[in-house]
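The sequence and structure come first.

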Amino acid sequence: RMLEPAEILYCESVDNRTYAYTSSGVYGVGQTLTAIAEALAPLGFFRCSKSMAVNLRAIETLKSGLNGRIIATLQNDERILVSRRYARALRDRLKGD
């Protein structure tokens, strides 16, 4: 199935396989997470951890978490963690820096 970038909530790499998560299902993707994150960055995707890239337009709320992490709640009420390593870059990107 061809997915429109706007319908993807986030992409995740698990056991050397990459998956795209939408509100209607989970789909295997034939590219690496790095390739997907780079290709979709201009469309609002952000690498939020070593194994995940999130669609910034799918985020409903952000909350500070433990140890400098950020908890992002998505449109489907799923929560994902932005790792400490990527938290500052996310704050900068949201500020427009």
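A residue is called buried here if its relative accessible area is under 20% and exposed if it is over 50%, with partly exposed in between. The model is predicted.

Strand S8 covers residues 79-82, and its side chains alternate between two faces. Ile80 and Val82 point to one face and are buried.

S8 runs antiparallel to strand S7 (residues 70-74), and four bridges join the two. Thr73 has Arg79 as its bridge partner in S8, and Ala72 has Ile80.

## The three-stranded sheet

S7 and S8 belong to an open sheet of three strands, with the order S6-S7-S8 and antiparallel pairing. Strand S6 (59-64) and S8 are at the edges; each has a single partner strand, so one side of each has no neighbour in the sheet. From one strand to the next, the twist averages 25°.

Helix H2 lies across S6, S7 and S8. Relative to S8, H2 runs at about 100°.

## The five-stranded sheet

There is also an open sheet of five strands, in the order S3-S2-S1-S5-S4, and its pairing is antiparallel. The edges are strand S3 (26-29) and strand S4 (45-49), each with a single partner strand, so one side of each is left without a neighbour in the sheet. The twist in this sheet averages 25° from one strand to the next.

Strand S2 (residues 17-22) and S3 run antiparallel and are joined by four bridges. Ala20 stands opposite Tyr27 in S3.

## Thr22

Thr22 is in strand S2. With a relative accessible area of 7%, Thr22 is buried. The Thr22 side chain reaches the backbone nitrogen of Ser24 at 3.2 Å. Setting aside neighbours within four places in sequence, Thr22 is in contact with Leu3, Glu7, Ile8, Leu9 and Tyr27.

In soluble globular proteins, nonpolar side chains tend to be buried together. The largest nonpolar core in this model has 18 residues, of which Tyr10, Phe46, Cys48, Val54, Leu74 and Ile80 touch the most other members. At least two residues of this core come from each of strand S1 (8-14), S4, strand S5 (52-55), S7, S8 and helix H2 (84-95). Another core, of nine residues, lies apart from it; among its members are Ala20, Ile36, Leu40 and Phe45.

Which residues does Val54 touch, not counting those up to four places away in sequence? They are Leu9, Tyr10, Gly44, Phe45, Phe46, Cys48, Ile59, Leu74 and Ile80.

## Cysteines

How many disulfides does the structure hold? The number is zero. A disulfide needs two cysteine sulfur atoms within 2.5 Å. The cysteine sulfur closest to that of Cys11 is in Cys48, 10 Å away, which is too far for a bond. For Cys48, the closest cysteine sulfur is in turn that of Cys11, at 10 Å.

Are Cys11 and Cys48 buried or exposed? Cys11 has 2% relative accessibility and counts as buried. Cys48 has 0% relative accessibility and also counts as buried.

Key:
Residues are numbered from 1 along each chain as its sequence is written. This is a predicted model: local features need pLDDT of at least 70, side-chain atom pairs count only at pLDDT 80 or more; totals for chains, interfaces and linings use all residues. Side-chain values use heavy atoms; hydrogens and water are left out. Buried means under 20% relative accessible area, exposed over 50%, partly exposed in between (1.4 Å probe, protein chains only). Two strands pair if DSSP finds at least two bridges between them. Axes are lines fitted to C-alpha atoms, for helices over the stretch in contact, and angles run from 0 to 180 degrees between N-to-C directions. A polar contact is a pair of N or O atoms within 3.5 Å; within protein, one must be able to donate a hydrogen and the other to accept it, and residues adjacent in sequence count only if both atoms are side-chain atoms. Contact means heavy atoms within 4.5 Å. A nonpolar core is a set of buried Ala, Val, Leu, Ile, Met, Phe, Trp, Tyr and Cys residues joined through side-chain atoms within 4.5 Å.
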